[in-house]
Amino acid sequence: MDTHTPAPVAAPVPPRPQPAKKRPGLLRRWFKRLVWGVFLLLLGFHLLVFLLLAYWKSQPVHTSAFMLRHSISTFSRVQQTWVDDDQIARVVKQAAIASEDAQFSNHDGFDWSGIEHAMRRNQRSGTIRAGGSTISQQLAKNLFLFAERSYVRKAEEAVITVMLENMWSKERILTVYLNVAEFGNGIYGIEAAAQHYYRKPASRLRAGEAASLIAMLPNPKYFQEHRHDRRLRNKTRIILRRMGSADLPPDE
């Protein structure tokens, strides 16, 4: 008789819980969505810019990013009256070119020597202090962007400048620039500036008056309160000396 006792059967070991499988490419998919979102946002913005530039090519411009920001931040309306090119004194155009962009009539929207000089200044200072901006670049910024200095804003400014230069004539760019430039707290455009400071229309400004108004750029709010500042007087004299050699763009 077999008296061998069978060995006890070991209880089955329960399977170890498997770690949850990570969803492959989840981060990559979110990154792609983010990239596409930014791309579509930029595309929509530039489409809006294109449509506005096409409309403003022949229509008065009564608003800008700078004007909107002033209205929203101060809850007040701006002073601005549109005037056509023939309602702006020739000396105003000469002063603007002499002061802001001597090569305006000849470049493609960018003063490359000025940009190179500005980059050297920025490298020495370690900050973005100089931009080498032309009248076209300043107009792109005034119409659609804001004043904060950054390389992203400068890149957007460059794209809009190319659009401006290809869609508008030089005369149109200068006319719109003079109609939307800031000349004081809530004062935009040369007509409003002429009325505010000299009680006369922009078409009747004399050389000294035109030079003094353009000399307020790019710090008009300060010079509005300091009309006899030595720097303003010095800049006005420099503009007056250069106005005679200012190269105005041809009429359309």
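What follows is one connected answer about these pairs.

Modeller: This is a predicted model, in which local features need pLDDT of at least 70 and side-chain atom pairs count only at pLDDT 80 or more, while totals for chains, interfaces and linings use all residues. Residues are numbered from 1 along each chain as its sequence is written, and side-chain values use heavy atoms, with hydrogens and water left out.

Along the sequence, the pattern reads α-α-α-α-α-α-α-β-β-α-α-α-α. Of the 252 residues in the protein chain, 42% count as buried, where buried means under 20% relative accessible area, exposed means over 50%, and partly exposed lies in between, with a 1.4 Å probe and protein chains only.

Side chains of opposite charge can pair when their charged atoms come close. The structure holds 8 salt bridges, each being a side-chain nitrogen of Lys or Arg within 4 Å of a carboxyl oxygen of Asp or Glu.

One of them joins Glu 182 and Lys 221, whose side chains meet at 3.7 Å, N to O. This pair links distant parts of the chain, since Glu 182 belongs to strand 1 (residues 182–184) and Lys 221 to helix 10 (residues 220–225), 39 residues apart. Glu 182 counts as buried because its relative accessible area is 17%, whereas Lys 221, at 43%, is partly exposed.

Another salt bridge brings together the side chains of Glu 165 and Lys 170, with 3.0 Å from N to O. Here Glu 165 is buried, with a relative accessible area of 17%, and Lys 170 also counts as buried, at 15% relative accessibility.

Glu 209 and Lys 200 form a further salt bridge, in which the closest N and O atoms are 3.1 Å apart. With a relative accessible area of 8%, Glu 209 is buried, and Lys 200 is likewise buried, with a value of 13%. Elsewhere, salt bridges that share partners join Arg 153, Lys 154 and Glu 157 into one network.

Definitions and conventions. Helix = DSSP H or I, 4+ residues; strand = E, 2+ residues; numbered from the N terminus.
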